[in-house]
Amino acid sequence: MQIPSSELVGGGVSFLLTLMVLSYLIGDNPFFRVAVYLFVGVSAGYAAAVAWHQVLWPQLFLPLIFGSLLDRVLALVALGLGILLLLKLHARTARLGSVSMAFLVGVGAAVAVGGAVMGTLFPQIRASINMFGLLGGTGTLIYQLIKSSVILVGTLTTLIYFQFGAKASPNGPQVRSWVGGLGWIGQVFIAITLGVLFAGVYAAAITALIERLNFLWTFVISL
Amino acid sequence: MAEPRCPVCGQPNPEGSETCQFCGTRLKPPAAAPSAAPASIRPGEEPVKKNTAEFEKVSLPSSERQPIHPGEEPTKKNTAELERALPTWLKTLRDKPDTPPGEPPSQTPAQATPATSAEESSTPPPPPLNSVPEWLSGLGSAAAEEQEIPDWLASLRSKGGTGPDEPEGLTAFPQDAGREQGSTPAGGPPPASAPPPEAPPQGAAGEGLPDWLKGLQSEGPESAKQEPAAQPDNPDVSAWLSNLPPTPPAEAHPTPAEELPDWLKKLKEQAAETESSQPPASATELTPEWLTRLQAEAETQEDAVQSARAQHEDIPDWLSKLETKAGTGATAPASPAFSGEVPVSPTELNGPPPDWLSKLQADVTAASEAEAKKEEFEAAPAPSPESLPAEPLPAWLSGVQPEVPRPGGTPALIIGNEDKGPPSAGEAAFSMETPDWLSKLKPEPGPQETPAPVPGTGEQQPSESLEPGDLPSWVQAMRPVEAVVAEAKAVAPAEGQVTTEQNGPLAGLRGVLPAVPGLGPLRKPPAYATKLQASETQQRYADSLEKLVYAENSPHAIRSTLRISGHLLRWVIVLLLFLAVGLPIVTGAQVVPPTSLPPVEEVQATYTLIGQLAPSSQVLVVFDYEPALSGELEAAAQNVVGQLISTGALLTFISTSPTGPALADHFLQTTQPPGKLQSGQTYINLGYLAGGPTGILNFASWPGKAAPYAWSTDPKVDGNNAWVMPPLLGVVNLSDFKAVFVLTDSADTGRNWIEQAGPSLGSTPMLMVISAQAEPMMRPYYDSGQLKGLVTGLAGGKAYEQAVQHPGLGQAYWNSFSTGLLMAEILILVGGAWSAFLAWRENRRKEEEA
Amino acid sequence: MMWLGLAGFGVVFLSAALMLGLSFLRRKSPPTFRDIPAFTHLKQAIGRVVEDGSRLHVSLGRAALTTPQSASALAGLALLNRLADLTSASDKPPVVTSGDAALALLSQDTLQSASHASGQGVYDPTAARLTGLTPFSYAAGAMPVIHDENVSTNVLIGNFGMEAGLLTEASDRANAFSLTASDNLPAQAILYASGQEPLIGEELFAAGAYVEAGPMHAASLTVQDILRWTIVVAILGGILLKLLGVI
Amino acid sequence: MKLRGILPTALAIASGILVLAGYFFAIDVLGEIRLTLIGWAVIVAAFAVFAGLVNLLMVHVNKIRQREKGMAYSLILIAALIVTFLIGLTGPETPTVSFIFNSFQLPVETSLMALLAVTLAVAGIRLLRRHLNLLSILFLATALVVLLGTAPLPYLGMIPYSDWLRSQIAQVLAAGGARGILLGVALGTLTTGLRILFGADRPYGGDNG
């Protein structure tokens, strides 16, 4: 089968870069460095291009040029904040930039707090409670009860493990013995959870390795 | 041999008795001491090793050649060995057991003769007094033997000049001391006329000296008693001292030292004699003695300083060096003695004495006691510069520092401690890791370790150095002799070769302790010099330094081995994994049957739901994964999207990741047969949705506004309003889509879509294709019904392939996945077990060493 | 959903009031917290950095400030502020890498103000770097920093994904100490296996309090403990009501 | 705090509180304000990308100026960045940019992910050397059991009950632990965000708290 030249070149570049990156397994070496620096440059350039095309142009400049008065005013504020931020690039004007950074941080903090309360705390608490509604899910009622109870114990003991407050003692700060006991159970759940996650990550990683080796082999035999 | 005498009351005690029957002083070192032999090299141990080696010259039984640890005190047997070598006259001098301590002539020799002093050395002397010189003498003598010097000590020496010079520079001390001593006792006051503490200062107020004494009295009972005793009528000393007051202490030392060359010429042979006579002198007529000591000590310090800087003999030169050093040499071994010194103006002399004096005073008794035990001359001076209270620490550490870059920050801390500048934040952090023995520095000022300038040294002396209450007994013993030989002594310096002992208990005796011949070998056995008699604190130092050195060395060893084994391990794993993963790809071997997975509930649910979609259903597909996981996600989602396409669904792609749109294109190129989809007709890519969860919320509440334009490699489509194209025609809200598929590698992103877009979906089902590592977080959403279907990782993709009976990437990767995972499991299992064994062995070794 | 919003507001308001109150009341007698060895070792590692003239590398992850994950980055910045202060006596300032542009700018600000606060006034604008704009390019850009810049201590704190494995691998090869923390669960699993001193979950946010970053940080932990037990009670109570069929 | 530090802090607190109010109160105006402010934040973040690019360039330009070791790599990075960005300005969806993405970025990124297959195995092996305790052993044992239940063994197929065991561990035990960790992280997120909203932590320049 005739491979288009662009595909051949692209495949060749991918082939070489893959080998260069995998060479890190032998040790840090110039090939790996070249591939990595190239990658960092390309990805940064690509992300900047996307930021321009997908954010600044459609969300800032288009409204500024073609939008309604309100859109233009709002866009002007955003533009002003953006320009202030760019002032950070110069030592003298850097302080002005902290205004827009403060805005960014303030909004970010609020999004984090809102997301934590409305997006995690309440939904997870609700889910923990609803487990015992025994509506969804599979298996017998007993199984559902046992499963829900185990998950509940895991959730609570894990949460308790993180207890920070402790009493000062000659042997250093000590949490109450019963809290420590529950925390220890929590640690067991944490170890199991992280073990499961590690297995998942490993499965993903080895899939990536398979995909790369598969690509290398496919490219070689396609030549 | 003779029964042991009490060092304090001088009474004889029965052989083997642990404590003095008369005053209760401990006579023998604790039995446990020798047995506490550490496995690792100890700082204080090296010199002992060296000297026990020398010990063989006097053919000691091997049983006695045990390593001696910091704080271990001399054992009786060693001194007993030397009895053989003692001249009879010395024995006779001693054989007067029942002489009351008050009677000097008999008592004094008993204390002063080498053998006796050797014997005495078996009794635990008060640590603060004799331990420092003894202990450091080991250091000094160790410096003589290159091959036996431990690294840390070598580094110490590398700072302190070359091996041979150090002893040479240091031997000047005892000789000077002897010389001075020979000259000073002339003014030794008769004991009876010893005035009350208050008297002498007043009486001597006219000379510069009594002012000192007045000041020194404030240093505690001992100095109060002793100093006044002789100072008033001590012209030599006062003459010598008259130079001293106006000059800063650092400059004061050289004054006597200018005579050094003479002493070196005249007194080389009789150094021993002078040494032997020092204890009495140093004890009885303390003023001349301790003043000469001061000189001697000062010179010794200077010698040490000098040798620490460079090898140097020319005194004027090194004096000038010293002056510069007094200001700047904070890091040189001896420098702490001078650190923090303030030049003393004559007016200041009426106040408390210069710190360095009070410190040196604290050492006088120490040095004399040590010499009374007949320390080897080469060895004795070695410690003396470092024996100054604060010095062992900086000296050791200045040696350790270059060798030990990361000893828990100790060297830096020492410097930090000596630093008079305000502690920086870095130091604050540092102090968090201060070893106990270093943090004890401040709480334990005074005679032992703190530099002289530390206030309160004098006050602390009694507590530490009253124990050396054997000093008063010396004083009692020596006085009369000094008085008798005073005249003879006055002329002694004039004589070139002094062959007659002029002072001390051996007065009148000829050929006492001839320099080298005869007694050389006897003095040689340096058991005494090297019997490390460290105080508790010094012992703590030694132990701490040993820990320090050990802790410093071991990680290096571990790290280096780790590095090597790390590379090997990595290479082996690479080889095995690549073989396990690569072979099925290269050979195309089917190691697992195509239908090897049992049906998975959530995968079946996904399959069923897609099958129920009507043709031309508008479906939203979210590409929210990183390029790194494209391999896994493409394999997992290939047949899901393929089935959607085959049902004729109209697809809309969107992403909250900047690389998502490109990944969507790549997905179609690599996983779907070309030409099946046409941008703008059967599918549309809305591109990148900025803002994370907020962007999702915007899109959920008003999709057309949040992502209005099409993203396409087709110029006709790219940048146009996507919402007028077939895939989005008639779609206003999120709920207008027939299904929403989220392809993601991140549980956070998946949760964002569920939480932000879920409420706007209405009855529209949301399904997910996720990476294997997101399963534990996403699975509950399937259980709770928020997700109607879930395909997880390569395994899920393979299960889906089995469901649709359409082999794809899942099948292509499955064999390698199976062999690769098995290999990884074996490696982790075996390697983990081996690591556990290594860790267990390492822990055990550490425990044993601890 | 109105009541849910109000409940959320209540939680936030109460937490805020508690934090302010506790930080004021306990400013003189700070609370005692359980021992987390990782922070003790971090302090020792910082001491080594100051002592041997090597460099501290702080990596803040790649959380966008407009996402909920920004909190981990903000916690990282609080720690960075304290670490920069602690290492002000060091020869070299800490080098900070980030995977998000805004975060990189914030780390610059943090280093600058720390250098001013320490009275050194010497600020190296290239000490805080953006090493990449995508997760793996960020990690790939940070790896050479660990390899080449005499880094003896790596503090990885923020929002990391699986790319964290590359950073710990680089740190391991450079024989450097690494304290690692991420709010991302798979990353925590990787860091648990490959990091020398991994912090789990919530411990990431305790970093400030454990390096004495201020009374408000200590108060935060106390409030977290109070909320923790409130959640436990809420869940148990909710389940009871559920089983009773009340809700 | 100095006067010049007050304005940024006040802005951070004000914008934060406005956005937060939008989360809790179902008032349209607040919702609009929240969306608008976040929209601005997204735009400011996009500006930050360019400021970040300048930072990235400066770091590597300095390396070249100072002739540091590895300056050649910096040259490569700068060239790649500028070329990609300039071409990207014509549109990230154009075939050229798509080619660059598929040929340069994608393979390197997937290869870096592939590296993890080895580095994680090494980490797993070394774990017990570093922390020999029950929890680490449990961690590894769980990972092994889950991996065993993930795929069939060559020529042997699935070990009986291994997939059932895997699903129970992953969906019951791990679900509990994961939920506990997520709740803990949410608590930490809450207090961290509040510290910013109090102005106690001020990472945006000025004097940090």
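Trainee: How many residue pairs are in polar contact across the interface of chain A and chain C?
Mentor: In this predicted model, the count takes pairs with both residues at pLDDT 80 or more. On that basis, the number of residue pairs in polar contact across the interface of chain A and chain C is 16.

Trainee: Which element gives the most to the side of chain A that touches chain C?
Mentor: The elements that each give two or more residues to that side are α2 (30-66), α4 (94-130), α5 (141-161) and α6 (177-222) of chain A. The one that gives the most, with 17 residues, is α4(A).

Trainee: What is the distance between the closest N and O atoms in the salt bridge of C:Asp109 with A:Lys88?
Mentor: The rule finds two salt bridges across the interface of chain A and chain C. For the salt bridge that joins C:Asp109 to A:Lys88, the closest N and O atoms lie apart by 2.7 Å.

Trainee: How much area do chain A and chain C bury between them?
Mentor: The contact takes 55 residues from chain A and 65 residues from chain C. Of the buried area, 77% is on carbon and sulfur atoms, and the total that the two chains bury between them is about 5,100 Å².

Trainee: Turning to chain B, which residue is the bridge partner of B:Ile770 in β6(B)?
Mentor: The open sheet of six strands in chain B has the order β3-β2-β1-β4-β5-β6, with parallel pairing, and its edge strands are β3 (683-688) and β6 (789-792). Strand β5 (residues 766-770) pairs with β6(B) over four bridges, and in β6(B) the bridge partner of B:Ile770 is B:Thr792.

Notes:
Residues numbered from 1 in each chain as written. Chains lettered and ligands numbered in written order. Predicted model: local features only at pLDDT ≥ 70, side-chain atom pairs only at ≥ 80, totals over all residues. Heavy atoms only, no water. Pairing = 2+ DSSP bridges. Contact = heavy atoms within 4.5 Å. Buried area = accessible area lost by both parts, 1.4 Å probe. Salt bridge = Lys/Arg side-chain N within 4 Å of Asp/Glu carboxyl O. Polar contact = N/O pair within 3.5 Å; in protein donor to acceptor, adjacent residues only side chain to side chain.
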